[in-house]
Amino acid sequence: MVNPLRKRRTVEALFCDEYAKKLEALAKENSQKYKDGKPFPHIYFDNFLPVEAAEAALQDFPEPKELTWIEFDQATQRKLAFNTVDQLPPSVRDVLYFLNSRPMLNFLEILTGIKDIISDPYYAGGGLHQIKPGGHLEVHADFNCHPKLKLDRRINMLVYLNKDWKEEYGGHFELWNKEMTAAEKKILPLFNRCAIFSTTSTSYHGHPTPLSCPPDRTRKSLATYYYSIGRPEEEVFDKHSSLFQRRPGTIHHPSLKDVVVAVTPPILIRVAKKFWS
């Protein structure tokens with residue numbers, strides 16, 4: 001049963017002038033640091049959410065058997081996802097609603113310099129992510145166009161909810177250079193740590209090393225993505241889904257889509273793109 005007093009405190013901690021002002025100040029102080037991030041604009045913050053909200057979201061975060069999760073079990077990814085946000089416990093749902101709210105959009109616009117950011121009411125590809133031991137997500141660039149709203153994807157935000165997470169558990173969020181020669185940044189998914197980065201067709205990222213946490217632990221995170229109408233000319237790319245990359249020293253396992261594209265004449269691919277766009 002939901003504790004109404006705890007729910008009220010969580011909502012009040014998120015949707016209050018004090019936290020909105022804190023976020024605005026944080027964005028102004030770190031805007032240049034974000035833009036200077038290598039291999040592409042990014043940043044992370046510790047103790048990002050009000051502690052009441054983060055604690056409540058972790059306490060009520062659904063276990064793998066508690067929801068009908070979308071399960072990915074492929075060579076490129078082994079993870080669980082759930083984005084029907086209205087079906088989540090109130091404490092988790094309220095955090096995700098806040099991440100799509102006006103104060104958060106204001107924070108992101110100041111931090112990134114990207115204007116007229118649009119949040120996603122469908123949480124396409126986002127919501128909750130959960131990785132069990134042995135799970136992973138190969139390095140990739142994200143889909144670049146919202147499947148329903150047809151907007152340009154510009155920013156990813158990830159909030160981690162993993163208490164007492166040790167270095168040896170792995171699950172680092174890795175940011176790779178566009179040449180795919182090295183991970184230039186690795187971020188441990190610690191409790192209430194928030195990672196934010198600009199998404200383009202070459203902003204390669206993932207957590208490719210299989211998780212080595214104890215069998216009773218999982219890697220938990222909240223994910224929200226943000227969009228705009230159009231994007232800078234130098235970032236324009238044909239509409240695509242996730243673009244998985246091959247890391248040095250690894251074996252490439254082509255997907256069925258890769259095989260189909262390889263054997264299909266280019267003219268038919270162009271016709272198909274026009275039909276589905």
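F98 counts as buried, with a relative accessibility of 1% (buried means under 20% relative accessible area, exposed over 50%, and partly exposed in between, using a 1.4 Å probe and protein chains only). This is a predicted model, so local features need pLDDT of at least 70 and side-chain atom pairs count only at pLDDT 80 or more, while totals for chains, interfaces and linings use all residues. Residues are numbered from 1 along each chain as its sequence is written, and side-chain values use heavy atoms, with hydrogens and water left out.

Searching the whole structure turns up ten aromatic pairs (rings of Phe, Tyr and Trp, the last by its six-membered ring, pair if their centres lie within 6.5 Å; planes under 30 degrees apart are stacked, over 60 edge-to-face, and the rest tilted). One of them is Y19 with F98, a tilted pair at 5.5 Å centre to centre and 35 degrees between the planes. Y19 belongs to helix α2 (residues 17–35) and F98 to helix α4, so the pair ties together parts that are 79 residues apart in sequence. Y19 is buried too, at 5% relative accessibility.

## A second tilted pair

F48 and F107 have ring centres 5.7 Å apart and planes at 55 degrees, so this pair is tilted. It links distant parts of the chain, 59 residues apart: F48 is in the loop between β1 (42–45) and α3 (51–60), and F107 is in helix α5 (residues 102–112). Both F48 and F107 are buried.

## Helix α4 and the chain overall

Back to the helix that carries F98. Nine of the ten residues of α4 (residues 90–99) are buried, so the helix is largely enclosed by the rest of the structure. The buried ones are P90, S91, V92, R93, D94, V95, L96, F98 and L99.

The chain as a whole has seven helices and 13 strands (DSSP runs numbered from the N terminus: helices are H or I with at least four residues, strands E with at least two). Of its 277 residues, 48% are buried. Among contacts between residues at least 6 apart in sequence, 82% join residues at least 24 apart (contact means heavy atoms within 4.5 Å).

## H240 and S201

H240 is in the loop between β12 and β13 (243–244), and at 11% relative accessibility it counts as buried. Its side chain makes a polar contact with the side chain of S201 at 2.7 Å (a pair of N or O atoms within 3.5 Å; within protein, one must be able to donate a hydrogen and the other to accept it, and residues adjacent in sequence count only if both atoms are side-chain atoms).

H240 and S201 are 39 residues apart along the chain, with their C-alpha atoms separated by 8.6 Å. Leaving out residues up to four places away in sequence, H240 touches D142, F143, N144 and S201.

## S228 in strand β12

S228 sits in strand β12 (residues 219–228) and is buried, with a relative accessible area of 4%. The S228 side chain reaches the backbone oxygen of G230 at 2.6 Å. Beyond its neighbours within four places in sequence, S228 contacts D116, I118, L151, D152 and R154.
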